[in-house]
Amino acid sequence: MLGNSLRELLFIRLCILLLQYGTPILLAGLALTAAIGGWDALTHPASEVGLGYVLIDLLYALFLWIPYNRRLWDEADHPPPLSPTDRRALFLRCNDNVPDFDRYLRLWFLGADPAEIRRDNVCDFILWAFFDRRPGAESDDEATEVADYLDIIEQRLGHELKPGRGRAQSLRLTFDSIETRYRSWIWYVLIGIVDMGTHVQLAWRGFEYHALPAAKFAAVLPPRVQSVFARNRSASGELSYWHRQHTAKDKKPIVFLHGIGVGLWTYASFLSSLGQPQKVGGDDDGDGNGGQVGIIALEIMPVSFRLTAAPLGKLDFLDEMERVLAAHGWDQFVLLTHSYGSALATHMLHSDAFAARIDSVVLVDPVTILLHMPDVAFNFTRPAAGRERVAALNIIWKEELVTKGREKEKKMDALEINGNGNGDGAAVTRSGRRPQQRNVAVCLAGRDLIVDTLSVARYLAGNEHWLPGLGDSDADSDRAEADDALEDVQREVGYGHLEKDGIELLWFDGLDHAQVFDEQKRYDKVQAVIHRFCSN
């Protein structure tokens, strides 16, 4: 991942300029060439290359980019509505985990002046966020429910919202138009080259590629030539993946779900060394008999800079994932994710079929913890927007991370604190059964530009002073002071390791989103935890 130096910033800006406006720039240059040297100047080889580029780009825009872009104009497909009871429970839980409510509203309203965020503005936001309703489309019962939520928000703010409507506008992706930016065809040529490089590296390191059916060759652009000649076909008709044999019989295999980017290229070195018989951090993390830990690394094409079909819905994804795991006979496994992959992990953790099978979870740069907070939507999608309503489907709470078993059973059993006087404070169910616990680790980057990792860390740590210099105040000035304190006291990558409420928290000071995968000395610390989880 690129850093934030001036040189790197200028480089990426130049690349974006050429990818978006390369054709107009070439056309202007060709017109200037013809004006100076006459039409014969366009027969020069350099001019012919430029004309060829422009022609290809025009054909690509007409037959590929415009048709794929048109589907973004379709009406959003909202999830099934929640019951009033479940909706209120979600609202209260989200609001109980907002460290700074003034900041919360400001970011959801795009940094608007608080004086312009008035009662009707917040009413519109609530209707969208928890009801999928436009103003005026709510029923009388829903209007009463919204009014109750507004009263709760005013209590959290410590003052009443001004009546009426101000000029503030909130993020509402499912209602607002989506702004898209053009990418030249050369971008997808580069993606194809990176894709082939990823294929060669993983195949060289002992992974086997399981391609989509040959009939779906044209379903992904740029075309994946390697899928035509693949010896193995995916058990799923929708998910391609890489598989490494699981030969360490005394360990659990790993399922990896990647984030938004260029696919598995970012993680190729990390995955290649993961689960191999070796010493990490001075401890023998091998299996002792020469075996290796198996890995299934999905390829999630809709978030891999490809032109392809829309992402699978929750139930379809779970069905396809079950087919993949069944084909390899995997029952218990360690679930490892990065960034967007935590959203798919949430589907699996909430699933009756998967929850008890996920023995351990490692989330690197997760975006679904405190997903109701505006940071992910604001930082990642501007000038596009994010949507709060995804919280009902994708948000994950720390209690759900550590407890195995079905969500329905957890609700019915109503966990209580053990009162038998043994002092261990372990939770038991009304029936006297201890809920099964899974191993959980969350890895956060101190300079993450997408996630408010400071708030996530405080939430996971129970708002304790878990790192030197890290206070528990939520004011913006105190957040800056805490950030400065972290910079002063943390010099070693990976400094900050806490175990709290069954969750291991790894803090990587000074790193941005995904930078933990850039160097082995960084991801060694993550791998050490994964190896330990595989062995438990």
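Five cavities of 30 Å³ or more occur in this predicted model; a cavity here is a set of points, on a 1 Å grid over the protein atoms alone, where a 1.4 Å probe fits but cannot get out, and its lining residues have an atom within 4 Å of a point. Volumes are the space filled by probe spheres set on the points, with grid points joined across faces, edges and corners. Because the model is predicted, local features need pLDDT of at least 70 and side-chain atom pairs count only at pLDDT 80 or more, whereas totals for chains, interfaces and linings use all residues. Residues are numbered from 1 along each chain as its sequence is written, and side-chain values use heavy atoms, with hydrogens and water left out.

The largest cavity holds about 100 Å³ of space. Its lining consists of Tyr209, Ala211, Leu212, Pro213, Lys216, Phe217, Val220, Arg224, Ser227 and Ser240. By class, this lining of the largest cavity comprises six nonpolar, two polar and two charged residues (Ala, Val, Leu, Ile, Met, Phe, Trp, Tyr, Cys and Pro count as nonpolar, Asp, Glu, Lys and Arg as charged, and the others, Gly among them, as polar).

Helices (H or I, at least four residues) and strands (E, at least two) are DSSP runs, numbered from the N terminus. Ten strands make up an open sheet of mixed pairing, in the order β2-β1-β3-β7-β4-β8-β9-β12-β14-β13; its edge strands, β2 (232–233) and β13 (497–500), each pair on one side only. Two strands pair if DSSP finds at least two bridges between them. Strand β3 is joined to β1 (residues 208–211) by three bridges in antiparallel fashion, and His210 has Tyr241 as its bridge partner in β3.

Since five of the five residues of β3 are buried, the strand is largely enclosed by the rest of the structure; buried means under 20% relative accessible area, exposed over 50%, and partly exposed in between (1.4 Å probe, protein chains only). Ser240, Trp242 and Arg244 point one way from β3, while Tyr241 and His243 point the other way.

The second largest cavity has a volume of about 60 Å³. Around it are Val367, Ile369, Leu370, Met373, Asp375, Val376, Val451, Asp452, Ser455 and Val456, a lining with seven nonpolar, one polar and two charged residues. Helices α12 (375–381) and α16 each supply at least two residues of the lining of this second largest cavity. Ser455 belongs to α16 (residues 453–460) and is buried, with a relative accessible area of 5%. The side chains of Ser455 and Asp452 are joined by a polar contact of 2.6 Å; such a contact is a pair of N or O atoms within 3.5 Å, where within protein one must be able to donate a hydrogen and the other to accept it, and residues adjacent in sequence count only if both atoms are side-chain atoms.

Notes: 1 Å grid on protein atoms, 1.4 Å probe; cavity = no way out; pocket = protein on both sides within 12 Å on 5 of 7 lines; lining within 4 Å.
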